[in-house]
Amino acid sequence: MTMLYQDLMEKIRKEVKPLLNKGRVANYIPPLGGVSPDKFGMAICTVNGETFTCGDAEEPFSIQSISKVITLTMALNKLGADIWERTGREPSGNPFNSLIQLEYEKGKPRNPFINAGAIVVADMILDEFPEPQQSLLEFTRKISGNTHISFDDVVAVAEKRFGHTNRALANFIKSFGNLNNEVEEVLDFYFHQCSITMTCADLAQAFTFLANGGKSALDGSEIVGASTAKRINAILLTCGLYDDVGDFAYRVGLPGKSGVGGGIVAVVPGELAVAVWSPGLNEHGNSLAGVKALELFTTYAGNSIF
């Protein structure tokens with residue numbers, strides 16, 4: 001099948017092209033609003049070390065909430081199952097930035113991929129790493145194999161300036177005693193993690209450890225244990241696309257994580273990781289063409305987990 005991936009991606013790229021201008025870019029973060037909706041990239045990295053790319057797969061973009069998988073992995077490596085005392089692992093059924101459930105559940109977010117949960121995970125990172133931002137970059141560079149990955153300071157500043165809902169979430173969580181550090185310190189880290197820029201090729205490579213039983217496809221080193229990789233994939237399947245997760249499972253059938261920068265990464269356990277980027281979003285904040293591209297990919301390749 002690997003010999004056919006290149007042709008398959010080019011076929012998918014042609015089929016989704018009519019969708020590129022039908023989504024809406026995330027203009028509530030001004031630097032993201034200026035990205036052309038015509039962009040489309042796709043990359044596949046296999047557990048055997050093969051890489052296939054098409055379109056704008058080598059162009060960096062803001063990964064936004066895809067970074068939540070990286071920080072969750074770091075927290076699990078340090079704290080293990082203890083993290084579930086502070087965040088749940090159930091689907092939210094609400095938008096990614098909703099405040100509603102926090103009041104009912106006394107400041108414990110429903111899962112680590114909604115914004116509230118990721119803010120709590122960010123607090124854990126601050127507790128466990130003396131230089132949290134540098135540790136995040138080093139870990140991201142390690143799993144992706146790209147030593148040049150960094151933050152986009154323009155995006156980070158915009159996140160801070162316009163992140164009123166995230167500030168409300170963090171203060172509300174703090175009021176329930178579920179943040180150990182000062183709100184602004186936690187948010188500064190959170191805004192920076194969302195501002196990381198990567199390419200589709202970077203992201204696909206970074207996620208191959210989840211397809212490879214927790215081991216890097218680059219050098220075979222253990223990123224997480226096989227059991228932890230299984231559990232991260234499970235949370236991706238049930239929570240990775242917020243209130244659109246059921247439709248994504250129905251259409252695509254893979255564990256995946258999206259970001260409002262237009263990226264989505266999905267995992268075929270035992271085989272590969274695939275990343276797509278198309279900035280135009282659907283009503284749930286997920287890439288419109290990206291979801292369709294992944295639906296076509298699993299349909300044509302016949303590699304859904306179901």
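Start with the lining of the largest pocket: by class it has eight nonpolar, eight polar and one charged residues. Here Ala, Val, Leu, Ile, Met, Phe, Trp, Tyr, Cys and Pro count as nonpolar, Asp, Glu, Lys and Arg as charged, and the others, Gly among them, as polar. This is a predicted model, so local features need pLDDT of at least 70 and side-chain atom pairs pLDDT 80 or more, while totals for chains, interfaces and linings use all residues. Residues are numbered from 1 along each chain as its sequence is written, and side-chain values use heavy atoms, with hydrogens and water left out.

**Stop 1: the pocket**

The volume of the largest pocket is about 240 Å³. Select Tyr28, Ile29, Asn115, Glu159 and Asn166, the closest to its centre of the 17 lining residues. A pocket is an open set of points on a 1 Å grid over the protein atoms alone, where a 1.4 Å probe fits, with protein on both sides within 12 Å along at least five of seven lines; lining residues have an atom within 4 Å of a point. Points are joined across faces, edges and corners, and the volume is the space filled by probe spheres set on them.

Now colour α7 (153-162), α8 (164-175) and α9 (183-194). Each supplies at least two residues of the lining. Helices (H or I, at least four residues) and strands (E, at least two) are DSSP runs, numbered from the N terminus.

**Stop 2: α5 against α8**

Axes are lines fitted to C-alpha atoms, for helices over the stretch in contact, and angles run from 0 to 180 degrees between N-to-C directions. From α5, show Asn115, Ala116, Ile119 and Val120; from α8, show Asn166, Leu169, Ala170 and Ile173. These make the contact (heavy atoms within 4.5 Å). They divide into six nonpolar, two polar and no charged.

**Stop 3: the three-strand sheet**

Return to α9. It lies across β3, β4 and β5, at about 15° to β5. The three strands form an open sheet in the order β3-β5-β4, with antiparallel pairing. Two strands pair if DSSP finds at least two bridges between them. β3 (61-62) and β4 (150-151) are the edges; each has a single partner strand, so one side of each lacks a neighbour in the sheet. Two bridges join β4 to β5 (residues 196-198). Pick serine 150 to find its bridge partner in β5, threonine 197.

**Stop 4: the five-strand sheet**

Next, show the open sheet with the order β2-β1-β8-β7-β6, again antiparallel. β2 and β6 (256-258) stand at its edges with a single partner strand each, so one side of each is without a neighbour in the sheet. The twist averages 10° from one strand to the next.

Zoom in on β1 (residues 41-46) and β2 (residues 51-55), joined by five bridges. Alanine 43 has threonine 53 as its partner in β2. The two strands form a hairpin with four residues between them, and glycine 49 in the turn has a positive phi of about 90°. β1 also pairs with β8 (residues 272-277), over six bridges. Glycine 41 stands opposite tryptophan 277 there.

**Stop 5: alanine 249**

Finish in helix α13 (residues 245-251), where alanine 249 is found. Which residues is alanine 249 in contact with, leaving aside its neighbours within four places in sequence? Select Leu237 and Phe306. The C-alpha atom of serine 304, 55 residues away along the chain, is 9.2 Å from that of alanine 249.
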